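Q: Got the model open next to me. Can we walk through it bit by bit?
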Number of protein chains: 2
Amino acid sequence: MASIAEERKAPSFPIREMTYWLDGGKDVTELKERVMLELERDPLWRVSDHPNLTLAQTRERAMTKVRRIADLAISRPIEETGHRMSLVSVVDAGFWTRVGVHFGLFFGALQGQATPAQLAYWMSRGALSMQGITGCFGMTELGHGSNVAGLETTATFDPKTDEFVVHSPTLTSTKWWIGGAAHTATHCAVYAQLVVDGKRYGTKTFVVQLRDTKTFELMPGVNIGDLGKKMGRDQIDNGWIRFTHVRIPRSHMLMKHTKVLRSGKVIEPPLAQLAYGALIQGRVLMVSDSANVAKRALTIATRYAAVRRQFSDGTPGAPENKLLDYPIHQHRLLPLMAQTFAMTFAAREMTAGYTRLMSQLSAVGDAKGAEAQEVIKNLKETHATSAGLKAFCTWMCLNIIDQCRQSLGGHGYSSYTGLSQAYSDFAVHCTWEGDNTILTLQCGRYLVATALEARNGQPLPSNLSYLADAQKAAAPAGSSPDEVCALATLKAAWSSVAANAIRTAVRDFEAGLAKGLSKDNAYEFSSAARLHAARMHTYTYLLHRFDAQVAQSPGALRPILTRLARLFGAHSAVQHSGEFLLAGFYSPAQVDALKAFVSTACAELRPDAVPLTDAFGYSDYVINSPLGRYDGNVYEKYFELVTELNPQKPVPYFDSVIRPLLERTNDRDDGPELEFDGEE
Amino acid sequence: MASIAEERKAPSFPIREMTYWLDGGKDVTELKERVMLELERDPLWRVSDHPNLTLAQTRERAMTKVRRIADLAISRPIEETGHRMSLVSVVDAGFWTRVGVHFGLFFGALQGQATPAQLAYWMSRGALSMQGITGCFGMTELGHGSNVAGLETTATFDPKTDEFVVHSPTLTSTKWWIGGAAHTATHCAVYAQLVVDGKRYGTKTFVVQLRDTKTFELMPGVNIGDLGKKMGRDQIDNGWIRFTHVRIPRSHMLMKHTKVLRSGKVIEPPLAQLAYGALIQGRVLMVSDSANVAKRALTIATRYAAVRRQFSDGTPGAPENKLLDYPIHQHRLLPLMAQTFAMTFAAREMTAGYTRLMSQLSAVGDAKGAEAQEVIKNLKETHATSAGLKAFCTWMCLNIIDQCRQSLGGHGYSSYTGLSQAYSDFAVHCTWEGDNTILTLQCGRYLVATALEARNGQPLPSNLSYLADAQKAAAPAGSSPDEVCALATLKAAWSSVAANAIRTAVRDFEAGLAKGLSKDNAYEFSSAARLHAARMHTYTYLLHRFDAQVAQSPGALRPILTRLARLFGAHSAVQHSGEFLLAGFYSPAQVDALKAFVSTACAELRPDAVPLTDAFGYSDYVINSPLGRYDGNVYEKYFELVTELNPQKPVPYFDSVIRPLLERTNDRDDGPELEFDGEE
């Protein structure tokens with residue numbers, strides 16, 4: 001404990017002020033602290049015993065908490081609910097999903113796709129407050145995930161009865177991965193092919209009742225099964241659903257965009273793109289979640305590294321060295337710390353941009369003119385940026401969790417130290433709400449298309465304005481680490497590398513066209529270059545946003561934030577050093593300087609490592625790992641937790657299994673010796 | 001199923017012959033097939049239901065299998081046992097560990113460290129056959145893992161009674177992570193500080209009885225607890241052990257190397273290094289295991305990608321495209337396939353080298369002269385190479401598992417598709433038997449030391465002979481992919497990059513010395529460069545061994561193996577392209593050619609992707625994933641497995657939890673309206 005106390009003696013920055021800045025203000029910090037205390041004191045919210053619960057116990061406990069969160073969600077201000085959920089996502093990711101399926105996906109579908117009258121109807125049925133209705137979200141099928149347009153479930157209009165008939169025609173059309181279906185939901189927002197008079201109109205959304213709200217019996221024609229054990233997030237009961245000619249009123253199709261009239265006439269919306277805005281929200285949330293989960297992982301790894309000692313330099317009587325004092329350990333953790341700050345700031349800017357976009361979207365309504373076109377342009381830009389950020393931030397966070405876990409040595413493999421479950425819980429972020437690889441390709445496609453438009457004289461959107469600067473950017477003359485790694489120089493370097501990667505993707509795309517490929521196939525042909533361009537673009541975006549945030553930060557924080565921003569830019573550049581040499585921005589000697597700078601920056605940040613984790617402001621309850629405790633009392637508390645949760649009992653299968661093993665005698669039958677065996 | 005059948009119509013190589021070559025001969029393949037059939041038919045060995053077992057069930061089932069494997073291990077030829085265990089490691093990694101702790105670690109300690117009389121004694125007590133004795137391995141402590149010399153447990157000689165007193169003096173000296181301690185072991189090979197007459201002689205090994213072999217009661221002074229849930233490998237019951245003045249006969253210290261005579265006189269061995277040979281075996285096994293586990297992961301991912309279809313190019317009535325036909329999906333999987341072959345061949349050569357070393361070691365015995373020095377040199381070389389290979393192959397395999405899992409999309413998150421558990425089980429390979437980061441630094445230290453010796457005129461050891469060639473190697477003149485990616489050119493390129501990285505590590509080490517640092521601290525100072533040198537060296541080693549195996553391979557296999565070797569070399573080079581540009585081996589245009597070659601090589605290997613998984617020769621039982629089935633019947637079998645293991649039942653907590661949620665009414669108390677509230 002003395003080991004960690006000495007870490008806090010002389011931080012180079014005011015810790016509390018950093019917390020306010022990261023949280024977005026003193027008020028927010030205090031609100032989060034109130035919420036953390038409220039969670040910590042409620043016995044329902046115990047999380048340290050999660051590793052010892054069975055699947056059934058895990059799910060039941062999660063459900064008991066749903067009511068608490070639902071009551072708070074409707075009685076407390078929305079901002080508080082937002083902060084509560086973002087903490088819950090770090091503390092108890094699977095439970096967050098169980099709640100999020102109702103409020104975010106099911107109710108979100110109503111909000112985004114219902115007409116005002118439909119929304120009012122479902123509100124009156126209790127769909128917001130979970131009074132009478134619990135919802136789930138039926139998009140994915142066994143055979144279709146990313147390709148939503150290819151879903152097989154059908155909703156066929158029956159003009160005779162004014163109903164839709166919802167049906168799963170094949171095994172692969174079985175709804176799959178539906179969170180809340182196995183145990184929770186009474187209703188489902190089902191994505192199905194709208195069929196009217198034999199004609200298909202594409203995938204629309206229909207509210208289908210799954211269970212009787214009084215008895216929880218399945219409704220006629222509805223078949224549901226449990227998907228059982230998953231890699232993580234076992235708090236949420238994913239299930240499969242098959243529909244066999246299930247009839248729902250016509251008015252249960254959500255008709256904000258496409259409408260089906262009583263006559264069967266289908267009215268399609270003027271601007272289908274406007275419906276895609278809702279997809280962005282989940283991605284923005286996942287960028288925030290990446291930052292938050294990374295903060296927890298780094299808090300655990302960094303504090304442990306300030307307490308754990310291993311090997312000494314031989315001085316008699318001297319204690320062994322702290323892990324954190326080894327240059328290699330600094331190299332393992334501190335660049336990840338810089339990445340975490342980069343994600344935090346990107347999440348902040350992305351959230352603000354998303355909020356702006358949503359108010360533009362609601363202002364423009366159903367209009368079509370130039371104004372709508374402008375909003376659609378902004379939508380595309382936000383869509384592409386959020387796609388790239390979602391993909392690379394979730395990958396970055398997943399890597400941070402595992403690197404932090406590995407940095408704990410063997411103790412990282414225990415379920416009681418927190419990071420193995422964090423990894424399993426987090427991993428799905430790389431797949432759902434848009435598979436990362438597909439999102440990167442979408443981002444890359446946008447980059448190629450925008451670069452081609454710019455070549456034709458269109459103005460560059462703001463997130464790509466660096467392309468114009470990139471050409472003017474000059475490489476530094478000298479090769480000292482300070483020249484090479486000035487923040488402005490790193491920004492120019494990254495801009496130039498991203499511009500180069502986009503040029504290469506355009507080149508490959510055009511080479512595909514020149515071969516006579518269709519536009520889509522030319523995009524496929526250029527997919528490796530597109531993915532690469534999306535990565536370079538996203539890193540460049542992260543560094544530019546980091547820099548912008550540093551410029552706005554309080555003066556007392558600017559030195560350390562600048563150091564972190566430079567480490568982020570330089571370390572990422574070393575990881576992709578080939579690209580910098582290829583783009584001709586840095587010389588080989590300058591790349592050597594980048595590497596030297598990373599080592600120096602790690603050493604300079606070393607004394608602030610623990611204070612930086614303090615600034616993240618997570619209580620021991622949220623950290624939920626004896627190795628990441630604020631007071632550094634790791635061994636005692638780890639031992640206590642393990643022994644409390646695993647009290648020693650006699651080996652249950654000693655008599656039945658072990659004794660017979662130990663007491664067995666050889667029972668091998670080699671047969672009689674044959675009389676003639678010596679005769680040959 | 002037709003989708004996968006068409007994949008097998010025209011492989012470019014004879015599949016069966018490839019299997020023989022990978023396994024090491026037709027005999028070996030047939031033996032492995034017999035073992036796979038035997039496992040598959042024995043109901044004890046069912047593994048597809050593992051996700052649904054509780055921790056207690058998992059452990060009990062594993063223990064019931066121990067007897068079967070123990071009987072087979074003592075009655076069947078050792079070669080067969082080796083192959084059985086290597087299959088078991090893929091099918092049931094945690095069980096492999098439970099068995100391995102006894103046979104590999106406990107009995108291995110006896111074999112390696114006991115005198116002949118001691119070994120005979122323990123054999124007669126049933127320590128090999130698990131008749132009367134089950135063993136565990138007590139090295140790691142709560143506070144010490146990597147630094148074995150720093151272990152705190154003491155074994156103090158009591159000359160009055162001719163006993164050792166084994167004692168855990170502190171909380172951090174508690175033995176921790178001891179596999180088999182919680183439920184299985186009667187005896188433990190305990191690593192403790194030998195103390196005689198107040199003097200410490202370093203860490204030695206002592207056999208301590210933990211439990212009564214008849215009743216399984218703990219022995220006096222022995223305290224054991226259960227470490228409970230882990231990230232993976234729950235089949236093995238890791239525990240903690242505390243010793244409170246436990247007395248054992250002097251003859252229970254293993255005295256092959258250091259001896260304690262009746263008088264208390266301590267005789268230390270002439271060549272302490274010779275004791276380190278045993279450490280290498282585990283590392284060699286983990287290189288093999290990396291290759292084998294990667295084969296399983298790739299089989300699942302590749303076969304699924306040949307069946308899963310998503311998105312179409314719009315041709316009416318045409319089926320959607322196979323994932324495997326997307327260039328980006330080929331980029332995701334086929335370089336991993338090449339890595340898997342590289343690891344397979346490295347494992348083969350490493351195993352042969354280890355076997356040679358062991359026979360040298362046993363031939364040289366206790367001799368001291370030039371011969372012994374030669375063996376010690378070989379030991380150091382093998383130690384360093386195996387350390388680097390263990391680290392980078394386990395990291396490589398862990399990455400392969402997760403990339404393969406992510407390539408399954410959402411289905412990769414199900415516990416029934418096999419790869420999430422594979423990841424959790426495998427992850428510990430990066431930590432135990434030498435934490436990867438520490439091993440890479442050891443390898444790097446060897447490289448620096450050897451390079452310095454070579455500068456002083458010492459001959460280069462065989463694993464570093466490429467350093468001499470590297471200086472002569474000429475970069476290709478042209479920049480066509482074929483020139484740049486000829487196997488000989490890639491080898492020269494990698495040699496030159498590794499040589500450069502070693503030079504840089506030497507430079508940093510010497511810069512540390514020049515600053516006045518001690519030798520050890522200069523090594524710490526150069527740790528980032530050392531780690532990098534170890535990585536470059538190990539990739540170079542992998543490519544050189546791959547090339548050597550290609551040269552020895554049957555003619556019919558050589559074209560495809562050459563293609564894989566070139567893809568391995570080129571893809572790894574693209575991943576580290578900065579190093580090739582820094583080393584001045586490739587020009588920017590040639591690096592572009594490398595990237596183009598990777599795309600072409602992936603496209604050329606695409607038609608052989610499924611045949612390559614067939615050549616790995618794992619039966620559906622070993623693959624243990626409905627998505628990786630040989631016949632491609634993925635959806636039906638996945639659905640069957642999920643529904644069989646999770647039969648639908650009424651929601652157990654409907655009445656207690658869900659009904660009150662749905663039926664609750666608002667219970668919020670806003671208080672009376674106060675008379676004076678409108679008055680201000």
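Q: Which residues of H21(B) are buried?
A: B:Ala609, B:Val610, B:Pro611, B:Leu612, B:Thr613, B:Asp614, B:Ala615 and B:Phe616 are buried in H21(B). Buried means under 20% relative accessible area, exposed is over 50%, and partly exposed is in between, with a 1.4 Å probe and protein chains only. Helices here are DSSP runs of H or I with at least four residues, strands are E runs of at least two, and both are numbered from the N terminus.

Q: Is this an experimental or a predicted model?
A: This is a predicted model, where local features need pLDDT of at least 70, side-chain atom pairs count only at pLDDT 80 or more, and totals for chains, interfaces and linings use all residues. Residues are numbered from 1 along each chain as its sequence is written, chains are lettered from A and ligands numbered from 1 in the order in which they are written, and side-chain values use heavy atoms, with hydrogens and water left out.

Q: Back to H21(B). What covers its buried residues?
A: The cover includes helices H1 (2–5), H2 (15–23), H8 (277–307), H9 (327–364), H18 (558–575) and H20 (588–605) of chain B. Eight of the eight residues of H21 (residues 609–616) of chain B are buried, so this helix is largely enclosed by the rest of the structure.

Q: And what follows H21(B)?
A: B:Gly617, with a positive phi near 75°.

Q: Switching to the interface. How many residues of chain B are in contact with chain A?
A: 125 residues of chain B are in contact with 125 residues of chain A; contact means heavy atoms within 4.5 Å. The area buried between the two chains is about 10000 Å², with carbon and sulfur atoms giving 59%. That buried area is the accessible area (1.4 Å probe) that two parts lose on being put together, summed over both.

Q: How many salt bridges does the rule find across the interface of chain B and chain A?
A: Four, where a salt bridge is a side-chain nitrogen of Lys or Arg within 4 Å of a carboxyl oxygen of Asp or Glu. A:Arg664 forms a salt bridge with B:Asp71, and the closest N and O atoms are 2.8 Å apart. Helix H4 (residues 55–75) of chain B gives the largest share of the side of chain B that touches chain A, 10 residues.

Q: Where's the charged end of A:Arg242?
A: Over the ring of B:Phe639, 5.4 Å from its centre. A charge sits over a ring if NZ of Lys or CZ of Arg is within 6 Å of the ring centre and within 35 degrees of the ring normal. Within chain B, B:Arg348 lies over the face of B:Trp21, at 4.8 Å from the ring centre.

Q: How many salt bridges over all chains, then?
A: 80. In chain A, A:Lys322 forms one with A:Glu6, the closest N and O atoms being 2.7 Å apart.

Q: Buried or exposed, A:Lys322?
A: Buried, because A:Lys322 has 4% relative accessibility. A:Glu6 is partly exposed, because its relative accessible area is 40%.

Q: New topic: how many aromatic pairs over all chains?
A: 41. Rings of Phe, Tyr and Trp (its six-membered ring) pair if their centres lie within 6.5 Å; planes under 30 degrees apart count as stacked, over 60 as edge-to-face and the rest as tilted.

Q: Why does the pair of A:Trp494 and A:Phe580 count as edge-to-face?
A: Their planes are at 90°, so the pair is edge-to-face, and the ring centres are 4.9 Å apart. A:Trp494 is in helix H15 (residues 487–514) and A:Phe580 in helix H19 (residues 577–582), 86 residues apart. A:Trp494 is buried at 1% relative accessibility, and A:Phe580 is also buried at 1%.

Q: Which aromatic cluster do they sit in?
A: One whose members include A:Phe341, A:Phe345, A:Tyr539 and A:Phe616, along with A:Trp494 and A:Phe580 themselves.
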